[in-house]
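My notes follow in the order I made them.

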Amino acid sequence: MTAPKKLFIKTYGCQMNVYDSERMLEALAGQGYESTDSAEDADLILLNTCHIREKAAEKVYSELGRYKDLRAAKPDLKIGVAGCVAQAEGEEIMRRQPMVDLVVGPQSYHRLPDLEARARSGQKALDTDFPEDDKFAALKGRGPKAKRGPAAFLTVQEGCDKFCAFCVVPYTRGAEVSRPAAQVIAEAQDLVERGVREITLLGQNVNAYHGAGEGGDWSLARLIRELSKIDGLARIRFTTSHPNDMDDDLIAAHGDCDKLMPYLHLPVQAGSDRILKRMNRKHTAESYIRLIERLRDARPDLHLSGDFIVGFPEETEEDFQATLDLIEEVRYGSAFSFKYSTRPGTPAETRDQVPEDVKSDRLQRLQALLTRQQRALQDAMVGREVDVLFEKPGRMAGQMVGKSEYLHAVHVTADDIAPGDLRRVLVTDSAPNSLAGTLV
Ligand code: SAH
Ligand code: SF4
Ligand code: F3S
């Protein structure tokens, strides 16, 4: 038997890339690869990249630069670029970095075995197609029942048809596609048999899910209700959602589906209707706030999270103030915020840009407000009881870390907790990014 080849995958970007990296490893397992944590040991290095902002995309070239010496010392080492930068600028990467042997886009990585063989034989292998065949059906699956951690991602929907004026995703990931319900349910069952207790359903627009199922297309709510029948699966989450795809049944599910966790990431991007319109978001600040009210009616303790962009082209101080006002009104439990980054090929690319120093100033003010909110909501947890799904040992001896239903990291020191345990915890302390507590 030949010794296994080693694959080092470095993952950037969103959770969908994390999921894809796992599946790329599976795809290559059939070629005799197993995973390694060190680039130095690798026979194949794959960078699974993100194109969402300029800084993210630039990382690829600096990372590739670091592999020059490795490659010189080990001529058999193959280097590949996958993910959204591969999709957007694969040919340019191969031109600029001759040591790249393989480029594969997010919709064609089920073809990795063939691409790898071509790279091994000394050819340049590039595949950035959007194939008609079902990528997930073509992937062989996870093989022997290896044990998994308590929490897992499961992509149910890919691509986006929304075309927000700032965003590359519709170009890098392609049109919206949903996986058939039966395929998702089978994969969820398999994960649970491997020890998974919490599944986060993923999609660039996950609540636009409309996978083929019994009796016609299923909505995300229908899928969640069906998944919640799986014994042993304790928790379901989903991300990322678009406000316009939040249908009545999905709102209701937050109130009546016990396994659906009371946490929702629902990006709004901005609070000014003028800017929302220029962003092509197709909703207003008011409609977003009404939606949040309906969600909170269904589930009063829902924790909300969002994404914000400051300094979108033509954003005035008044527009920015409207974003701060919206944040004050919603009260977020957590949030991600970014300076607008000009992306090639998107409609906003050629518009009047906001100066960098103005963007930086607005980001600072926005983040100060969000941090205050997040901290206040977290501090208010002290004295309350939460359910914690424990995942792994903490940094201190005897400590275990897990997630509350609201996605707070929670530390508990006790000697009878194992990964995968779901326990009731009294919150005793709130630190900047986590809670501490004791078992009830
Ligand atoms: N599908 C999700 C988000 C995908 S990208 C949604 O519609 O909400 C994740 C986040 O990156 C976005 O919500 C947005 O806040 C941010 N983002 C996307 N393009 C950006 C750009 N050009 N500049 C800065 N932030 C951007
Ligand atoms: Fe990008 Fe908008 Fe689609 Fe989200 S909804 S992925 S921000 S285009
Ligand atoms: Fe980045 Fe692609 Fe995800 S651009 S955020 S890795 S969909």
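I started with disulfides and the count came to zero. This is a predicted model, which I kept in mind for everything below.

**Aromatic pairs**

How many aromatic pairs are there? I got five. One of them is Y19 with F136, a tilted pair with 6.3 Å between centres and 55° between planes. I looked up where the partners sit: Y19 is in helix α1 (residues 15–29) and F136 in helix α6 (residues 135–138), so this pair ties together parts 117 residues apart in sequence. Buried or exposed? Y19 has 0% relative accessibility and counts as buried. F136 is buried as well, with a relative accessible area of 8%.

Next I took F312 and Y340. Their ring centres are 5.4 Å apart and the planes stand at 80°, so I noted the pair as edge-to-face. F312 is in the loop between β15 (303–310) and α13 (317–330), and Y340 in the loop between β16 (334–339) and α14 (356–379), so the pair ties together parts 28 residues apart in sequence. I have F312 and Y340 both down as buried.

**Charges over rings**

I then looked for charges sitting over rings. R53 lies over the face of F338, 3.7 Å from the ring centre. I also noted R222, whose charged end sits over the ring of W218 at 4.1 Å from its centre.

**Salt bridges**

My search of the whole structure gave 40 salt bridges, and I followed up a few.

K10 bridges to E63, with the closest N and O atoms 3.4 Å apart. That pair links distant parts of the chain, as K10 is in strand β1 (residues 5–11) and E63 in helix α2 (residues 54–66), 53 residues apart. K10 is partly exposed at 27% relative accessible area, whereas E63 counts as buried at 7%.

R235 and E198 form another salt bridge, the closest N and O atoms being 3.3 Å apart. Here I found a link between two strands: R235 is in β13 (residues 235–239) and E198 in β10 (residues 198–202), 37 residues apart. R235 counts as buried at 2% relative accessibility, and E198 is buried with 4% relative accessible area.

I also picked E286 and R290, whose side chains meet at 1.9 Å, N to O. How many residues apart are E286 and R290 in helix α12? I counted four, which means they are separated by about one helical turn. E286 is partly exposed at 45% relative accessible area, and R290 is partly exposed at 36%.

My last entry is a network: E315, E317, D361, R362 and R365 are joined into one by salt bridges that share partners.

Technical notes: Residues are numbered from 1 along each chain as its sequence is written. Chains are lettered from A and ligands numbered from 1 in the order in which they are written. This is a predicted model: local features need pLDDT of at least 70, side-chain atom pairs count only at pLDDT 80 or more; totals for chains, interfaces and linings use all residues. Side-chain values use heavy atoms; hydrogens and water are left out. A disulfide is a pair of cysteine sulfur atoms within 2.5 Å. Rings of Phe, Tyr and Trp (its six-membered ring) pair if their centres lie within 6.5 Å; planes under 30 degrees apart count as stacked, over 60 as edge-to-face and the rest as tilted. Buried means under 20% relative accessible area, exposed over 50%, partly exposed in between (1.4 Å probe, protein chains only). A charge sits over a ring if NZ of Lys or CZ of Arg is within 6 Å of the ring centre and within 35 degrees of the ring normal. A salt bridge is a side-chain nitrogen of Lys or Arg within 4 Å of a carboxyl oxygen of Asp or Glu.
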